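Work through the exercises below with the sequence and the model at hand. Each task is followed by a solution in steps.

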Amino acid sequence: MDVESLAVELFGLRLAEFTAARDEYVAKARKAGDREHAAAIAALRKPTVTAWAAGLLARRRPKEAHSLVQLGEALRTAHRTLDAGQLRQLSHDQHVLIQQLARTARALAAEAGQAVSEPVLREVEQILHAVLADPGMAEEWMAGRLVKAPDAALGFTGLEPAPGAAPPRRLARPAGPGKGQERPREPDAEGRAGQARRERAAQAQAQGEAAEAERLEAAQAAAQEVADRAGTDVAAAEEEVRAAGERLEKARAACADAAARLKEAGRAAAKARARAETAARKAGKLTGPEG
């Protein structure tokens, strides 16, 4: 099995099963003498809870997942054609669908025994937004190969309008002010600069919060992997203790059986000695001097 197909298989397992299954495939490849394949398998990283939950949605609900991909294609087309009406409708559909799919992913994860917290749910929504905006992300998600959430939320920026697309319609400007009327004040440069600074600060804060959430999730995933390995070791040790207990019980039973047989043999020997002594006495009476 090639590494990509193997990754899809491993990502489809429960998170607690990933590490042991991957290591088993690595051991098989090494035993077969394919060190390059073994190294490639060993390099497969365990997906984060967020990526795993989002991938579970793509695997278990392919029709709903495909509808999200189609919505993304429609949104990108609307952005390129500058269709304001379609953009408004599709944007509404996007929010409704993403919230619905995120809740479905959470329910599927719960059925598989994995709890999804509110912060993780928000990150699942972030992945679904990225799927809408980025065809590459959509392809990776549908194939079940996501390892983690994107570093930052992806938007529909950078989409060039299609040739001949009409610019968005603007409201007609009113005629110039007549006598006694004041011209509406245009926002000054300082006000625009302040607004830009606030927007940059808000964006930086959002990116910082996303990065911190990603760091915490990575730390959680690493801790979970250590716990999985420890759980495997504990299970192996418990199995060894159980087997040793069975061996001890068998040895005790054998010892008790041997002691019983020894005791029985002792009684038989005592009886044999008594019979021999009786026989000897009788023989002595028969061969003694006549009175």
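**Exercise 1.** Find which helix gives the most to the lining of the largest cavity.

Solution. Helix α4, residues 49–60, gives the most to this lining, with four residues. Helices here are DSSP runs of H or I with at least four residues, strands are runs of E with at least two, and both are numbered from the N terminus. A cavity is a set of points on a 1 Å grid over the protein atoms alone where a 1.4 Å probe fits but cannot get out, and lining residues have an atom within 4 Å of a point. Sorted by class, the lining has five nonpolar, two polar and two charged residues. Ala, Val, Leu, Ile, Met, Phe, Trp, Tyr, Cys and Pro count as nonpolar, Asp, Glu, Lys and Arg as charged, and the others, Gly among them, as polar.

The model is predicted: local features need pLDDT of at least 70 and side-chain atom pairs count only at pLDDT 80 or more, while totals for chains, interfaces and linings use all residues. Residues are numbered from 1 along each chain as its sequence is written, and side-chain values use heavy atoms, with hydrogens and water left out.

**Exercise 2.** State how many cavities of 30 Å³ or more the structure holds, and the volume of the largest cavity.

Solution. There is one cavity of 30 Å³ or more. The volume of the largest cavity is about 40 Å³. A volume is the space filled by probe spheres set on the grid points, which are joined across faces, edges and corners.

**Exercise 3.** Describe how α2 and α3 are oriented, and which residues meet.

Solution. First take the axes: those of α2 (residues 15–31) and α3 (residues 35–42) come within 8 Å and cross at roughly 170°. The two helices are therefore roughly antiparallel. Axes are lines fitted to C-alpha atoms, for helices over the stretch in contact, and angles run from 0 to 180 degrees between N-to-C directions; under 35 degrees counts as roughly parallel, over 145 as roughly antiparallel, 65 to 115 as roughly perpendicular and the rest as oblique.

Next take the contact, meaning heavy atoms within 4.5 Å. From α2 come Arg22, Tyr25, Val26, Ala29 and Arg30, which meet His37, Ala38, Ile41 and Ala42 of α3. These residues divide into six nonpolar, one polar and two charged.

**Exercise 4.** Place Gly12 in the chain and relate Gly12 to Arg59.

Solution. Gly12 sits in the loop between α1 and α2. Its relative accessibility is 33%, so Gly12 counts as partly exposed. Gly12 and Arg59 are 47 residues apart in sequence, with 7.8 Å from C-alpha to C-alpha.

Technical notes
On a 1 Å grid over the protein atoms alone, a cavity is a set of points where a 1.4 Å probe fits but cannot get out, and a pocket is an open set with protein on both sides within 12 Å along at least five of seven lines; lining residues have an atom within 4 Å of a point. Buried means under 20% relative accessible area, exposed over 50%, partly exposed in between (1.4 Å probe, protein chains only).
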